[in-house]
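Good morning, and thank you for joining. I would ask you to keep the structure on the screen in view while I go through strands, pockets and salt bridges in turn.

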Amino acid sequence: MNNLKPQFLGFINTPSLFKEINGLNQFELDINEIKNFDFNNFDIPDKLPLGKRIERFFEYYILESKNYDLIKSNIQIINNKETLGELDFVLYDKRKEKYLHIEHIYKYYLYDDSFSNEIDRFIGPNRDDSFAKKLAKLKDKQLPLLYKDETGEYLEGIDINAVEQKVCFKGNIYVPISLLDKDIPIINNSCIRGFYINHKEFLKQKRFRDYEYFLPQRYDWVCDSSTNKTWKTFDDVIDEIDLILNHKKSTLVWLKDSKENKTQSFFVTWW
């Protein structure tokens, strides 16, 4: 597989989901830096899952950046054989001359406006994940872990109280078709990547038969749909979609409108 660079560029170009929320501040990646990166020595296992792959992309950015030193990553805090949690990244900012603790998150959320509370409307494609739960976990567990007594043993020589905490929280938002051209509260609307539709509605709407499709592997979800070269008809792709939905897994689909020469990504949901 030779998709590493398109995947990395998809990751780096994914916007931050928010600027500041609930006291959480974003760690912003400088896209301009990557023009000097050497991708020739960048290599990771072909089948590495998307979440772990994204972590490696972030680590690669830090290692290539002139502005940061990577101190430690994926630091498991263990006390009496019990794992208390994990710190994603500890960096040194050369410009500000300070240490940073970064929790890294990359998410796909569907916007379900049936919830009354705005922050509860961002849910995972299979409804088993949510923005609200992740924010609570960050605030209540992941960020406070830095200040536990046991953590000091793993960051010897660093003044924990002088470490600045940030999140690198990138996101892809998919909305109902009716909301595609409308602003969504709370989040950065640049993160809106497309729409979602349930299986029954997808089959019913005849206009979808006029387009071409492709189902990317999950580790290619991060790529821009315009990079794809192989396309299938509606009839050819529907069996692939059905197979995934039968396992109660929503799937990301790439769509090509040949008349307009445009591509788009969207989710077909099983629910």
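Let us begin with tyrosine 106, whose bridge partner in E7 is lysine 170. Please bear in mind that this is a predicted model. E5, residues 98-111, pairs with E7, residues 164-176, in the parallel sense, and eleven bridges connect E5 and E7.

With E4, residues 82-93, E5 runs antiparallel, and five bridges join the two strands. Within that pairing, phenylalanine 89 stands opposite isoleucine 102 in E5. Four residues lie between the strands in the hairpin of E4 and E5, and there glutamate 97 takes a positive phi near 55°. E5 also pairs with E6, residues 122-123, in the antiparallel sense over two bridges. Here tyrosine 111 has phenylalanine 122 of E6 as its bridge partner.

How many of the 14 residues of E5 are buried? Twelve are, so the strand is largely enclosed by the rest of the structure.

E5 also takes part in covering H1. In that helix, residues 4-13, the buried residues are Leu4, Gln7, Phe8, Gly10, Phe11 and Ile12. Their cover includes H2, E5 and E7.

The largest pocket holds about 940 Å³ of space. Its lining comprises 37 residues, of which Leu50, Gly51, Tyr106, Lys107 and Arg218 are the closest to the centre. Two or more lining residues come from each of helix H2, strands E4 and E5, helices H3 and H5, and strand E10. Which element gives the most to this lining? The answer is E5, with six residues. By class, the lining divides into 14 nonpolar, eight polar and 15 charged residues.

The second largest pocket has a volume of about 200 Å³. Among its lining residues are Ile177, Phe195, Arg207, Tyr211, Asp257 and Lys262. E10 and E11, the latter spanning 262-269, each give two or more residues to this lining, and E11 gives the most, with three. The classes here are six nonpolar, two polar and four charged residues.

Finally, the salt bridges, of which the structure holds ten. One of them links arginine 121 and glutamate 118, with the closest N and O atoms 3.1 Å apart. Are these two residues buried or exposed? Both arginine 121 and glutamate 118 are buried.

Another salt bridge brings together the side chains of lysine 204 and glutamate 201, at 3.5 Å from N to O. Because they are three residues apart in helix H4, residues 199-204, about one helical turn separates lysine 204 from glutamate 201. Lysine 204 is exposed, at 56% relative accessible area, whereas glutamate 201 counts as partly exposed, at 27% relative accessibility.

In the bridge between glutamate 240 and lysine 232, the N to O distance is 2.5 Å.

I close with a network of salt bridges that links Lys98, Glu164 and Lys166. Thank you for your attention.

Notes: Residues numbered from 1 in each chain as written. Predicted model: local features only at pLDDT ≥ 70, side-chain atom pairs only at ≥ 80, totals over all residues. Heavy atoms only, no water. 1 Å grid on protein atoms, 1.4 Å probe; cavity = no way out; pocket = protein on both sides within 12 Å on 5 of 7 lines; lining within 4 Å. Points joined across faces, edges and corners; volume = space filled by probe spheres on them. Nonpolar A, V, L, I, M, F, W, Y, C, P; charged D, E, K, R; others polar. Buried < 20%, exposed > 50% of the residue type's maximum accessible area, 1.4 Å probe, protein only. Contact = heavy atoms within 4.5 Å. Salt bridge = Lys/Arg side-chain N within 4 Å of Asp/Glu carboxyl O. Pairing = 2+ DSSP bridges.
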